[in-house]
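User: I would like to learn how to read a structure like this one. Can you take me through it feature by feature?

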Amino acid sequence: MIKLYQFPLSHYCEKARWALDYKEIEYEKVNIIPGTHFKVLKKLKATNSSVPLIVDGQEIIQGSSEIITYLDNKYPDKPLTPEDECLKQEALDWESFADEEIGPHIRRCFYYILLKYKSTIISYLSYDCDWYSKLLLNLMFPVFKKKMTEGMDISSSTNEESKIKLHDALNQLSGYLNDRKFLVGDSFTRADLAAASLIAPALRPEKFGFHPKKTPVELQELADDVKHRAPWFTDLYGDFR
Ligand SMILES: N[C@@H](CCC(=O)N[C@@H](CS)C(=O)NCC(=O)O)C(=O)O
């Protein structure tokens, strides 16, 4: 059975997870926490330290887009990539747009807030992970916070820059989707899946399956702002997730 190595709260992992669920492919989740992931991925001889990564028999595929392409090739039922070459390119372009213009910026805004709340971030990141994950994150917290801050280049000025980029990207998407149901052609594709996945952990809708007891007010404000700028999200996630 396919194994999906992931951080449960990661938006790029949500892309891979949704693709597997949508295509009704059986898989097993291997939930890891940031910090311990380096060792796990090194053991798998992954090319870099990022998740999602899937292991399917002898094949190891890393990266959310690469995973969707692989799944569509190997398991062609319920395709997420259009067959028509023009539509396929359009879908790949929208997916790259979401990966580059939404993904890093919403993540930076999200962690800019969450890193201020030690017990909340620890409970979020250890959600559905091994029982000792909370303990480890508590012990590692000072190093972990420094690495996350440096790795994502988090500061109040980069947070402001990312907020603007995120607004621009969401406005562009929503402007295009205006009276359309899908980004490409007239069916659900990897383009829609990418755009919705990348904002899902911030919004945490019912089907995202993670409903923390506590949400810092600033984080709720970020969610409300994103939701307001992405009116297409609720129906798309509700209908296809
Ligand atoms: N382009 C990659 C980006 C994946 C990515 O940024 N993953 C983050 C989690 S959201 C990660 O694994 N960070 C830890 C690291 O890179 O060491 C994809 O689409 O899968």
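Analyst: What follows is a short tour, one feature at a time. This is a predicted model: local features need pLDDT of at least 70, side-chain atom pairs count only at pLDDT 80 or more, and totals for chains, interfaces and linings use all residues. Residues are numbered from 1 along each chain as its sequence is written.

User: Start with the overall layout. Which domains does the chain have?

Analyst: Domain bounds come from an automatic or database domain assignment. Here that assignment gives domain 1 (2–74) and domain 2 (85–240). Their centres, taken over C-alpha atoms, are separated by 18 Å.

User: How many residues are in contact between the two domains?

Analyst: Two residues are in contact if their C-beta atoms, placed from the backbone, lie within 7 Å. By that rule, 17 residues of domain 1 are in contact with 24 residues of domain 2. Helices (H or I, at least four residues) and strands (E, at least two) are DSSP runs, numbered from the N terminus. On the side of domain 1 that touches domain 2, the elements that give two or more residues are α1 (11–22) and α3. The most comes from α1, with seven residues.

User: How do I read a helix with a buried side? Which residues of α3 are buried?

Analyst: Start with the geometry. An α-helix has 3.6 residues a turn, so residues three or four places apart point the same way. Next, burial: a residue is buried if 20 or more other C-beta atoms lie within 10 Å of its own, exposed if 12 or fewer, and partly exposed in between, with C-beta atoms placed from the backbone. In α3, the buried residues are Ser64, Ile67, Ile68, Leu71 and Asp72. They are on the same side of α3 because they cover an arc of only 130° around the axis. That arc is taken from the directions from the helix axis to the C-beta atoms. Among the elements covering the buried residues of α3 are α1, β3, β4 (59–62) and α8.

User: Where is Ser64, and what is it in contact with?

Analyst: Ser64 lies in helix α3 (residues 64–74). Ser64 counts as buried because 30 other C-beta atoms are within 10 Å. Leaving aside neighbours within four places in sequence, Ser64 is in contact with Tyr12, Lys15, Ala16 and Pro52.

User: Which residues surround the ligand?

Analyst: A residue is near a molecule if its C-beta atom, placed from the backbone, lies within 6 Å of it. Around the ligand are Phe7, Ser10, Tyr12, Ser49, Ser50, Val51, Pro52, Gly63, Ser64, Ser65 and Asp99. This shell has four nonpolar, six polar and one charged residues.

User: What about the backbone at Pro52?

Analyst: Check omega. The peptide bond from Val51 to Pro52 is cis, with omega near 15°. Pro52 sits in the loop between α2 (37–43) and β3 (53–56).

User: Finally, phi. What is the phi of Lys78?

Analyst: Look for a positive value in a residue other than glycine. Phi of Lys78 is near 50°. Lys78 is in the loop between α3 and α4. Lys78 counts as partly exposed because it has 13 C-beta neighbours inside 10 Å. Asp153, not a glycine either, has a positive phi of about 50°. Asp153 is in the loop between α6 and α7 (156–177).

Notes
Ala, Val, Leu, Ile, Met, Phe, Trp, Tyr, Cys and Pro count as nonpolar, Asp, Glu, Lys and Arg as charged, and the others, Gly among them, as polar.
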